[in-house]
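Dear colleague,

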Amino acid sequence: MKFLTLTTFLALGAFGFFWKSELPPSGDQLANKPKNIILVIGDGMGLSQISAAIYQTKLPMAFERFPVVGFQKTYSSNNLVTDSAAAGTAISSGVKTKNNTLGLDKNGTPSKSILEIASENGLATGMVVTASIQHATPGSFVAHQPARNLYDDISIDLLNSGIDFFIGGGKQHFERREKDDRNLTDELRQKGYKVFDYFDTELKNVKPDTLAPFAFFTADKEPLSALLGRDYLPTATNMAMEYLSHRSPKGFFLMVEGSQIDWACHANKTESLYAEMADFDKTLKQILRFASRDDQTLVIVTADHETGGMGLNEGTPRQLAPKFTTNGHTGAMVPVFAFGPQCELFRGIYENTEIFHKMYDAFGFSQN
Ligand code: MG
Ligand code: ZN
């Protein structure tokens, strides 16, 4: 009995210790609110994808520089294995919804995204992605649609979102639409946007004017894979951070997506995954450089779900032989990395919807 009592005492002591570390941040920490939040999503980027990239890369990767790491549960309201639309909606607006749904809760009620709330609060907003800009992940930050493939409707939601800056593919859904004859590029210009695309010029030759909202289409449909030469994400992200930090004195919200990590894993192509991860890492390093200098920016890096059920099997003693167990997504939890003011909020294991609430709290927005 004495032994049990001692064990219980020790266990309670340990519990107390951990419990203490989970207490909410003190007033001092909360006073140190970020002015800006950059949310970086590696679509399909689970722990295996990150591990494989870290072992395969010679130089240290940006992931190892984050002081806080947590895990999020990715399941949707109707499936333990989520898709990018439901997971995007959970992260962007804090509600679990059904797979295939964008910006609506499971009953079909529109849910406001952190991007929309930031915009209402006078912050500048932007998105930079390597998919079409109407794709599920970016779509979940600006659109409210019952199905993720309604690209023409998602384009209209994007047009009306008031977003200040976006770079991605999908120009065809602005100009050669199936559902109507509207030219949304012209409509963007009527709203004051400066609009460019890859036909006119290379992204690196464009200098956005911070007095006007900015859009750049990187492809008519989907941009190329990194393996085939797509390399604009670091440049586009730098441009976005520079632009957004001058666009509003109140701060900014930026979502950056490595969209094609997911596609490489759907195709079970390890070489393509490595190329996407290298591009993602280069982008992360630019973001950390900005955030370390600026000191007012919270950077969060996570995935919407894992793709491919990737296993890191033994190859040679010095080389992994990655194997995929599916062409679809899996239910594995995914890591969350955080850097900058309020990063400690992202410790622990929590629901994907908490990412929204933590960003909302970090910004110091209040419900009214
Ligand atoms: Mg995506
Ligand atoms: Zn996917």
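Predicted model: local features only at pLDDT ≥ 70, side-chain atom pairs only at ≥ 80, totals over all residues.

The magnesium ion (ligand 1) is coordinated by D43 through OD, by T137 through OG1 and by E257 through OE, at 2.0 to 2.2 Å. Along the chain, the donors of this magnesium ion follow the spacing D-x93-T-x119-E. Because D43 lies in the loop between strand 1 (36-42) and helix 3 (47-56), while T137 belongs to helix 6 (residues 136-142), the pair ties together parts that are 94 residues apart in sequence. Are these two residues, D43 and T137, buried or exposed? Both D43 and T137 are buried.

Turning to the aromatic rings, a search of the whole structure finds 17 aromatic pairs, and one aromatic cluster is formed by F63, F66, F280, F337 and F339. There are also lysines placed over rings: K96 lies over the face of Y75, at 3.6 Å from the ring centre, and K358 lies over the face of Y350, at 4.4 Å from the ring centre.

Finally, there is a helix pair to look at, in which the axes of helix 10 (residues 233-247) and helix 12 (residues 270-294) come within 8 Å and cross at roughly 25°. Since angles under 35 degrees count as roughly parallel, that crossing makes helix 10 roughly parallel to helix 12. The crossing in which helix 10 passes helix 12 is right-handed.

Conventions
Residues numbered from 1 in each chain as written. Chains lettered and ligands numbered in written order. Heavy atoms only, no water. Donors = N, O, S within 2.8 Å, 3.2 Å for Na, K, Ca; no water. Helix = DSSP H or I, 4+ residues; strand = E, 2+ residues; numbered from the N terminus. Buried < 20%, exposed > 50% of the residue type's maximum accessible area, 1.4 Å probe, protein only. Phe/Tyr/Trp six-rings, centres within 6.5 Å; stacked < 30°, edge-to-face > 60°. Lys NZ or Arg CZ within 6 Å of the ring centre and 35° of its normal. Axes fitted to C-alpha atoms, helices over the stretch in contact; angles between N-to-C directions. Parallel < 35°, antiparallel > 145°, perpendicular 65-115°, else oblique. Left-handed = near helix turned anticlockwise from the far one by under 90°.
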